[in-house]
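Grab a pencil and work through these exercises with the viewer open. Try each task yourself before you read its solution.

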Amino acid sequence: MDWKKQWVAFWTEEDGVGVIEVVLILVVLIGLVIIFKKQISALLENIFKEINKQSKEVY
C-alpha cells in the first residue's frame with residue numbers, strides 16, 4: 001500500500017479524532033502562543049544568541 005492510499009485511509013477513518021477536536025486543539029495552541037508571545041520571543045532570542053556564541057567558539 002503506497003502512502004497516498006494510507007493517507008486517504010487515515011482521513012476517511014471514522015474511529016479517530018474528529019475535525020472539531022482538531023480545530024479546538026489548534027485554537028487552544030494559537031491562544032497560548034498569543035498569550036505567551038513575549039516570553040516565547042525572549043526564549044528563542046536567548047537560544048539563538050547562545051547558538052551563535054558557541055558556534056563562534058568552534059571556528
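Predicted model: local features only at pLDDT ≥ 70, side-chain atom pairs only at ≥ 80, totals over all residues.

**Exercise 1.** At what angle do the axes of helix α2 and α3 cross, and which residues make the contact?

*Solution.* First find α2 at residues 19–35 and α3 at residues 37–58. Their axes come within 4 Å and cross at roughly 75°. Angles from 65 to 115 degrees count as roughly perpendicular, so that's the word for how α2 and α3 lie to each other. Next, list who touches whom: α2 brings Val33, Ile34 and Ile35, while α3 brings Lys37, Gln39 and Ile40. Last, sort these residues by type, which gives four nonpolar, one polar and one charged.

**Exercise 2.** Find the salt bridge: which side chains meet in it, and how far apart are they in helix α3?

*Solution.* There's one salt bridge in the structure. It joins the side chains of glutamate 45 and lysine 49, at 3.4 Å from N to O. Now look at the spacing: the two are four residues apart in α3, so about one helical turn separates them.

**Exercise 3.** Is glutamate 45 buried, partly exposed or exposed?

*Solution.* Take its relative accessible area, 45%. Buried means under 20% and exposed means over 50%, so glutamate 45 counts as partly exposed. Now zoom out to the whole chain: buried residues make up 0% of its 59 residues. The accessible surface of the chain is about 6100 Å², with 69% of it belonging to carbon and sulfur atoms.

Methods. Residues numbered from 1 in each chain as written. Heavy atoms only, no water. Salt bridge = Lys/Arg side-chain N within 4 Å of Asp/Glu carboxyl O. Buried < 20%, exposed > 50% of the residue type's maximum accessible area, 1.4 Å probe, protein only. Areas by Shrake-Rupley, 256 points an atom, 1.4 Å probe, with all protein chains shown as cover. Axes fitted to C-alpha atoms, helices over the stretch in contact; angles between N-to-C directions. Parallel < 35°, antiparallel > 145°, perpendicular 65-115°, else oblique. Contact = heavy atoms within 4.5 Å. Nonpolar A, V, L, I, M, F, W, Y, C, P; charged D, E, K, R; others polar.
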